[in-house]
Amino acid sequence: MSNLSINPERLWDELMETAAIGATPKGGICRLTLTDLDRQVRDWFKARCEALGCRVTVDDMGVMFARREGSADVPPIALGSHLDTQPTGGKFDGVLGVLAALEALRTLHEAGYQTHAPIEVVNWTNEEGSRFAPAMVASGVFAKVFERDWAVARQDRAGATFGAALEAIGYRGREGCGEHPLSAFFELHIEQGPILEAERKDIGVVTGVQAMRWYEATLTGQDAHTGATPMHLRKNALLGTARIIERIEAIGQAHKPGVATVGLIENRPNSPNVVPGEVFFMVDLRHPDDAALDTMEAALETSVHEIAEPLGLGVAFQKIWHQPSVRFNPDCVAAVRRGAELSGFSTRDMVSGAGHDAAYVSRVAPAAMVFVPCLGGVSHNEAEFSSKEQCAAGAQVLLQAVLDFDRQLAERGKSRA
């Protein structure tokens with residue numbers, strides 16, 4: 001249906017409207033999952049969907065489904081992303097996928113277009129993992145990667161559990177997470193990298209997601225007075241961490257196109273005249289090839305112990321998350337490619353360097369992703385930016401991809417009749 005077009009102005013206005021919920025002084029958003037700000041944006045989303053006549057349901061992990069009925073009694077085609085952000089997040093990561101899906105649904109509603117399958121917009125809970133680690137917890141439960149009891153017991157840094165926070169905002173539904181059948185899932189997202197912008201391509205046709213693993217490490221030495229303790233007599237956890245970070249950088253350089261990075265670092269005690277006795281940090285390894293990631297992991301584990309032990313440091317090291325590489329469904333990928341072609345946009349096939357809910361959903365339903373460029377490849381940052389035209393292009397391709405896949409489902413239904 002090439003004559004169906006989303007409304008770019010409306011999409012942009014709603015992106016800016018929701019950006020006010022949790023707005024930061026630097027122009028970004030801090031809207032952590034299962035906080036009152038998360039409740040506010042969920043209420044906003046629910047009201048917009050119900051205004052279109054959609055039925056909104058919520059599962060017991062807080063995942064929201066807004067359904068527009070189709071003509072056939074088949075599982076829905078879902079599209080969406082997430083509304084939670086990083087502590088210093090931007091206006092587009094996650095929320096673009098949800099609001100573009102809402103705009104696609106609104107376009108169908110205004111045109112009176114009847115799809116074969118029901119169409120649903122999804123808001124996944126805790127995609128970011130910034131409050132409750134690891135990332136993509138709800139979609140992981142949906143795909144049976146995580147047990148629900150384990151997931152709701154995740155704690156934030158203040159000791160609050162996922163389950164208690166979900167109850168507190170009033171978004172624990174009755175349906176069991178993972179009981180909701182899907183015919184397919186399409187997700188629109190900013191690229192979170194510089195490739196599309198550098199190559200002047202409009203749309204990324206995402207064929208898969210690289211493998212990734214997260215680790216928690218704690219190095220324990222001994223607190224001591226900095227002025228009275230010479231460097232060579234210290235059991236300095238921060239020194240050990242610095243040397244490990246250098247080794248991690250070398251591991252990444254040796255295994256390109258993989259990456260090895262260090263995220264959160266906590267120094268205890270944090271005092272200018274006390275030798276750090278304990279440091280907690282997180283390590284992120286990623287690679288398109290699972291076997292190469294195994295090699296990187298082995299090098300990491302060896303490095304941590306090789307560096308820590310001669311410095312007299314104790315080590316607590318554990319893997320907290322493992323996502324194998326993902327290859328998206330060929331029919332869904334083809335639908336995205338045809339949607340971009342029909343809409344007149346240039347494309348590039350690519351593998352996502354970041355994890356997304358679609359990666360887990362792909363284990364239980366056909367899935368694919370659409371990428372749009374992001375200025376300078378910057379994301380998870382208050383400065384992240386995609387233009388009105390880029391957002392609109394992604395939303396238009398998302399709509400066309402869903403309509404293409406819906407046509408495939410209708411044709412299969414006729415052939416079986």
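Strand β5 (residues 184-190) pairs with strand β15 (residues 367-372) in the parallel sense, over six bridges; two strands count as paired if DSSP finds at least two bridges between them. Within this pairing, H189 has F371 of β15 as its bridge partner. Strands are DSSP runs of E with at least two residues, helices are runs of H or I with at least four, and both are numbered from the N terminus. The model is predicted: local features need pLDDT of at least 70 and side-chain atom pairs count only at pLDDT 80 or more, whereas totals for chains, interfaces and linings use all residues. Residues are numbered from 1 along each chain as its sequence is written, and side-chain values use heavy atoms, with hydrogens and water left out.

Strand β3 (residues 77-82) also runs parallel to β5, joined to it by three bridges. Here A78 has F185 as its bridge partner in β5.

Seven of the seven residues of β5 are buried, that is, under 20% relative accessible area with a 1.4 Å probe and protein chains only. Both faces are covered: A184, F186, L188 and I190 lie on one side, and F185, E187 and H189 on the other.

The protein chain as a whole contains twelve helices and 15 strands. Its radius of gyration, taken over C-alpha atoms, is 23 Å, close to the 22 Å from the globule rule (2.2 Å times the number of residues to the power 0.38) for 417 residues, so the chain is as compact as a globular protein of that length. Of these 417 residues, 55% count as buried.

Notes. Buried < 20%, exposed > 50% of the residue type's maximum accessible area, 1.4 Å probe, protein only.
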